Amino acid sequence: MSAASVLYVDDDTVDRVIGARHGALVLAKADCDNCAAYEAQIRRLQEEGQLGDLVVGKIVLTQPGSRGFKRANPWLSEVDFLPYTLLYASGEKVDEFAASRGTYLLERAVDVGFI
């Protein structure tokens, strides 16, 4: 796996992001143009080395394999805008936000001390 990659995760693999020293979990749905554009911007930032050791994963809430995550996070029903990003530090959620610009992810990662 290259450094410039967004992991596609599901209930069985989401801990690779949540349990990472610095992780960003992007919540998305399958037919979301903003989600696809956000992922492309994140990949560009990764390729440029701007996201450091941040492990970025994407869980597609409309795909099979996300039921456990949705059940464990009932607040998801309140999320009105996708993509929605959760930042984790070694399993602890430290930030969350709705955004569709990769630069905003970079700003928030800097704000919480990931970069």
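**Figure 1. Strands β2 and β3 run parallel in this predicted model.** Strand β2, which spans residues 23-28, is joined to β3 by six bridges, and within this pairing L25 stands opposite G57 of β3. Between the two strands the chain passes through helix α2, residues 33-47, and the β-α-β crossover made in this way is right-handed. On strand β1, residues 7-9, the pairing with β3 is also in the parallel sense and extends over three bridges, with L7 having G57 as its bridge partner. Strand β3 covers residues 55-60, and because five of its six residues are buried, the strand is largely enclosed by the rest of the structure. A student who wonders what holds such neighbours together may recall that strands of a sheet pair through backbone hydrogen bonds, in either a parallel or an antiparallel manner.

**Figure 2. Five strands form an open sheet with mixed pairing.** Read across the sheet, the strands follow the order β1-β3-β2-β4-β5. The strands at the edges are β1 and β5, and each has a single partner strand, so one side of each is left without a neighbour in the sheet. From one strand to the next, the twist averages 25°.

**Figure 3. Strands β4 and β5 form a hairpin with two residues between the strands.** The loop between β4 and β5 contains S90, whose phi is near 50°, a positive value in a residue other than glycine. For comparison, most residues other than glycine have a negative phi. Is S90 buried or exposed? With a relative accessibility of 52%, S90 counts as exposed, because the cut-off for that class is over 50%.

**Figure 4. A cis peptide bond joins L82 and P83.** The omega angle of this bond is about 5°, and P83 is found in the loop between α3, residues 67-72, and β4.

**Figure 5. Helices α2 and α4 cross at roughly 55°.** Helix α4 consists of residues 102-111, and the axes of α2 and α4 come within 8 Å of each other. The two helices are therefore oblique to each other. Which residues make the contact? On α2 they are Y38, Q41, I42 and L45, and on α4 they are G102, T103, L105 and L106. Sorted by class, the contact of α2 with α4 has five nonpolar residues, three polar residues and no charged ones.

**Figure 6. Helix α4 lies across β2, β4 and β5.** Relative to β5, the helix α4 runs at about 150°. The buried residues of α4 are G102, L105, L106, R108 and A109, and what covers them includes β2, α2, β4 and β5. Just after α4, G113 takes a positive phi of about 85°.

Figure 7. At 29% relative accessibility, V112 counts as partly exposed. How many residues apart along the chain are V112 and H22? They are 90 residues apart, while their C-alpha atoms are separated by 10.0 Å.

**Figure 8. R16 and V55 are 39 residues apart in sequence.** In space, the distance between these two residues is 8.2 Å from C-alpha to C-alpha. R16 has its place in helix α1, which covers residues 15-18, and with a relative accessibility of 47% R16 counts as partly exposed.

Notes. Residues are numbered from 1 along each chain as its sequence is written. This is a predicted model: local features need pLDDT of at least 70, side-chain atom pairs count only at pLDDT 80 or more; totals for chains, interfaces and linings use all residues. Side-chain values use heavy atoms; hydrogens and water are left out. Buried means under 20% relative accessible area, exposed over 50%, partly exposed in between (1.4 Å probe, protein chains only). Helices (H or I, at least four residues) and strands (E, at least two) are DSSP runs, numbered from the N terminus. Two strands pair if DSSP finds at least two bridges between them. A crossover is right-handed if, with the strands pointing away from the viewer, the path from the first strand over the helix to the second runs clockwise. Axes are lines fitted to C-alpha atoms, for helices over the stretch in contact, and angles run from 0 to 180 degrees between N-to-C directions. Angles under 35 degrees count as roughly parallel, over 145 as roughly antiparallel, 65 to 115 as roughly perpendicular and the rest as oblique. Contact means heavy atoms within 4.5 Å. Ala, Val, Leu, Ile, Met, Phe, Trp, Tyr, Cys and Pro count as nonpolar, Asp, Glu, Lys and Arg as charged, and the others, Gly among them, as polar.
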